[in-house]
Amino acid sequence: MLRLGAGPRTVEALEALYRHDPRVQIVWAHSGFTVAPARLREWLERHPTLVGELSYRYDVTSDGRMNDAWRELFVRHPGRFLLGSDTWINDRWSRYGEIV
C-alpha cells in the first residue's frame, strides 16, 4: 500500500503507478486536494484499489451541508474514503486534540 501526496505531478504519478502494477493499493492524500469530485469518480471507477483521504478537502461541505457531488461520490463508492489529519508543522501536533 502506498500513500500518494497531492502535488502538481500527482496525477502523472498515480497513472504511472497503476500502469506499473494495476493491483497496487493507493491512499491518495487529500483526494487530490483540488481534484473535482467528477474527476475523482473517474479514477475510483478505473482503479478499484484507490482510496481517497479527505483531510483538507474544504469543498465537501458548504454552509453546513454536504455538497451534492460529494454525496453522490460517497454513495456510489462507500468504503473508498477515509478521514485523516495533516500535521505538517509542529504546532499542529500540540493542538491535535482541538483539530480532530
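## The lining of the largest pocket

In this predicted model, the residues that line the largest pocket divide into four nonpolar, two polar and one charged. They are Leu54, Ser55, Tyr56, Arg57, Tyr58, Leu83 and Gly84, and the space in this pocket comes to about 170 Å³.

Ser55, which is one of the residues lining the largest pocket, is found in the loop that runs between strand 3 (50–53) and strand 4 (61–62). Is Ser55 buried or exposed? Its relative accessibility is 8%, and because a residue is called buried when this value is under 20%, Ser55 counts as buried.

The surroundings of Ser55 can be described in two steps. Its side chain makes a polar contact with the side chain of Glu53, at 2.6 Å. When neighbours within four places in sequence are left aside, Ser55 is in contact with His30, Gly84, Ser85 and Asp86, and Gly84 is also among the residues that line the largest pocket.

## The chain as a whole

The chain contains five helices and six strands, and, when it is read along the sequence, these elements follow the pattern β-α-β-α-β-β-β-α-β-α-α. Of the contacts in the chain with a separation of 6 or more, 59% are between residues 24 or more positions apart.

The chain has 100 residues, of which 35% count as buried.

Technical notes: Residues numbered from 1 in each chain as written. Predicted model: local features only at pLDDT ≥ 70, side-chain atom pairs only at ≥ 80, totals over all residues. Heavy atoms only, no water. 1 Å grid on protein atoms, 1.4 Å probe; cavity = no way out; pocket = protein on both sides within 12 Å on 5 of 7 lines; lining within 4 Å. Points joined across faces, edges and corners; volume = space filled by probe spheres on them. Nonpolar A, V, L, I, M, F, W, Y, C, P; charged D, E, K, R; others polar. Helix = DSSP H or I, 4+ residues; strand = E, 2+ residues; numbered from the N terminus. Buried < 20%, exposed > 50% of the residue type's maximum accessible area, 1.4 Å probe, protein only. Contact = heavy atoms within 4.5 Å. Polar contact = N/O pair within 3.5 Å; in protein donor to acceptor, adjacent residues only side chain to side chain.
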